[in-house]
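Here's a quick tour of some helix packing and a few charged pairs. Have the model open while you read.

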Amino acid sequence: KRQVSTQSTWGLDKKLAQRKHFPSVNWNISYSKYLKALEPYFGKYDPEFIPLRTKVSEILQREADLEEIVQLVGKDSLSESDKIILEIAKVIKNEFLQQNAFMPYDRYCPLYKTIWMMKNVCTFYDEARKAVGESATDNKVTWQQIVTVLPKQWFSLSEMKFKDSVEMGEDRVKAEMQKVNEDIISGFTTLND
């Protein structure tokens with residue numbers, strides 16, 4: 001079903017609703033013509049917002065393409081970079097996009113928290129792809145190795161949504177999110193050494 005509002009379309013997805021993923025808006029078929037109109041605001045608020053939003057959208061689109069391959073030949077046949085896309089897309093869908101309005105940490109998400117969540121997910125994604133791409137042929141870094149060596153950093157992506165911005169305040173949330181980002185970067189530096 002599609003619910004149409006002025007200048008945007010929300011692609012409501014029955015499968016998402018059945019999996020208790022709310023809001024049940026399909027990110028691959030929904031769109032808004034307001035993006036261009038809002039770019040100056042987002043660019044002024046934080047210049048990283050637009051590139052981060054674009055990267056998150058690209059990851060979700062690439063994941064949709066890969067899911068067809070996984071259905072045919074299985075996940076084991078994918079490259080390590082493709083496995084990273086699938087796993088990061090899960091985090092985006094389950095920890096970033098999925099909300100529970102009955103929980104205080106999820107009821108309200110200010111833009112600064114949204115940006116930091118995207119930044120940390122994208123940093124992990126970029127660093128993981130870099131680690132896999134730049135590893136030596138005789139000592140290839142795998143997705144499994146990344147999550148085994150960096151469990152704290154991987155798990156921190158799932159914990160970000162639980163930071164209650166109302167209770168903690170902007171400065172503390174930003175500081176904790178920045179610490180997550182620094183831990184991701186230092187973890188991958190250690191992995192690559």
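Which side chains meet in a salt bridge at 2.3 Å, N to O? They belong to glutamate 87 and lysine 75. Keep in mind that this is a predicted model. The pair ties together distant parts of the chain, with glutamate 87 in helix 4 and lysine 75 in the loop between helix 3 and helix 4, twelve residues apart. Glutamate 87 is buried at 10% relative accessible area, while lysine 75 is partly exposed at 32%.

The count comes to twelve salt bridges. Here are three of them:

| Glutamate 87 | Lysine 75 | 2.3 Å |

The aspartate 183 pair bridges helix 10 (residues 170-192) and helix 8 (residues 151-159), its partners sitting 31 residues apart.

Now for the packing of helix 4. The axes of helix 4 (residues 80-97) and helix 6 (residues 111-134) come within 10 Å and cross at roughly 165°. Since angles over 145 degrees count as roughly antiparallel, that is the label for this pair. The crossing is right-handed. On the helix 4 side the contact includes Ile84, Ile88 and Phe96, and on the helix 6 side Met117, Val121 and Phe124 are among the residues they meet. By class, the contact has 13 nonpolar, two polar and three charged residues.

Notes:
Residues are numbered from 1 along each chain as its sequence is written. This is a predicted model: local features need pLDDT of at least 70, side-chain atom pairs count only at pLDDT 80 or more; totals for chains, interfaces and linings use all residues. Side-chain values use heavy atoms; hydrogens and water are left out. Axes are lines fitted to C-alpha atoms, for helices over the stretch in contact, and angles run from 0 to 180 degrees between N-to-C directions. Helices (H or I, at least four residues) and strands (E, at least two) are DSSP runs, numbered from the N terminus. Angles under 35 degrees count as roughly parallel, over 145 as roughly antiparallel, 65 to 115 as roughly perpendicular and the rest as oblique. A crossing is left-handed if the near helix is turned anticlockwise from the far one by less than a right angle, and right-handed if clockwise. Contact means heavy atoms within 4.5 Å. Ala, Val, Leu, Ile, Met, Phe, Trp, Tyr, Cys and Pro count as nonpolar, Asp, Glu, Lys and Arg as charged, and the others, Gly among them, as polar. A salt bridge is a side-chain nitrogen of Lys or Arg within 4 Å of a carboxyl oxygen of Asp or Glu. Buried means under 20% relative accessible area, exposed over 50%, partly exposed in between (1.4 Å probe, protein chains only).
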